[in-house]
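Here is a short note to read beside the model. Keep the structure open and check each point as you go.

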Amino acid sequence: MSTDVVTKQTDDQTTRDRLLTVAETLLLGSGYDAVSVRAINSAAGMNPAAVHYHFGSKEGLVGALLEERLAPIWQAQLASIDANPTVEELVDIVVGPLAELTHDPVGQLRLNLLARMVLCHQEMQFTGQWFRIDPWVDLLRTARPELSRTAAAERWTLAFTLVLQFFGDPYSDRPSPPRMPVEVLRTFLVAGLSS
């Protein structure tokens with residue numbers, strides 16, 4: 001690989017990272033609806049087409065931001081799970097890290113953006129393994145082998161919808177903390193995925 005190609009890849013990654021960082025700061029201060037692609041490009045000191053070049057759209061940028069910031073919180077816990085997880089362990093892997101995010105304004109922003117992007121049926125092109133349902137279906141079927149793939153997928157779809165609604169408001173521009181204890185959500189999810 002030539003030095004020019006490596007330099008271009010490094011420059012593209014640096015530009016991409018800068019756009020994500022600036023966008024997150026702007027979104028935290030002003031909310032999703034008030035932040036434009038133009039404002040992100042300008043605040044990052046980039047040309048007017050930088051967001052579109054690197055992400056395709058504002059939604060693409062937010063999707064990349066969420067994947068980059070949230071995927072590691074599940075990966076670390078999933079790496080430590082044993083070969084035969086229980087439903088309780090799976091729920092804790094999903095809910096525990098998200099509950100931790102509620103203690104921080106940036107974490108609350110990320111949760112609210114995730115709820116907004118997924119529940120409002122934005123055309124998100126998530127690429128990370130843990131942002132797709134199939135790995136979760138496989139894990140649930142390990143814990144509950146009697147479930148068909150379809151049944152496991154339906155249960156996870158309902159569970160993730162509830163989780164996103166619990167931790168974020170897809171119709172609000174501003175994040176707010178959950179209105180009930182996380183243990184209520186955890187208990188409900190364990191029962192729903194297990195029954």
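1. Residue classes first. Ala, Val, Leu, Ile, Met, Phe, Trp, Tyr, Cys and Pro count as nonpolar; Asp, Glu, Lys and Arg count as charged; the others, Gly among them, count as polar. By these classes, the lining of the second largest pocket has five nonpolar, four polar and two charged residues.

2. Ground rules. This is a predicted model, where local features need pLDDT of at least 70, side-chain atom pairs count only at pLDDT 80 or more, and totals for chains, interfaces and linings use all residues. Residues are numbered from 1 along each chain as its sequence is written, and side-chain values use heavy atoms, with hydrogens and water left out.

3. Helices α7 and α8. Helix α7 covers residues 134–143, and helix α8 covers residues 149–167. Helices here are DSSP runs (H or I, at least four residues), numbered from the N terminus. The axes of α7 and α8 come within 9 Å and cross at roughly 115°. That makes α7 roughly perpendicular to α8 (the term covers 65 to 115 degrees). Axes are lines fitted to C-alpha atoms over the stretch in contact, and angles run from 0 to 180 degrees between N-to-C directions.

4. Who touches whom? On α7, the contact residues include Trp136 and Leu140; on α8, they include Trp156 and Phe160. Contact means heavy atoms within 4.5 Å. This contact has seven nonpolar, no polar and five charged residues.

5. Helices α5 and α9. Helix α5 (residues 87–101) and helix α9 (residues 182–194) have axes that come within 9 Å and cross at roughly 150°. Their contact divides into nine nonpolar, one polar and three charged residues.

Key:
Helix = DSSP H or I, 4+ residues; strand = E, 2+ residues; numbered from the N terminus. Parallel < 35°, antiparallel > 145°, perpendicular 65-115°, else oblique.
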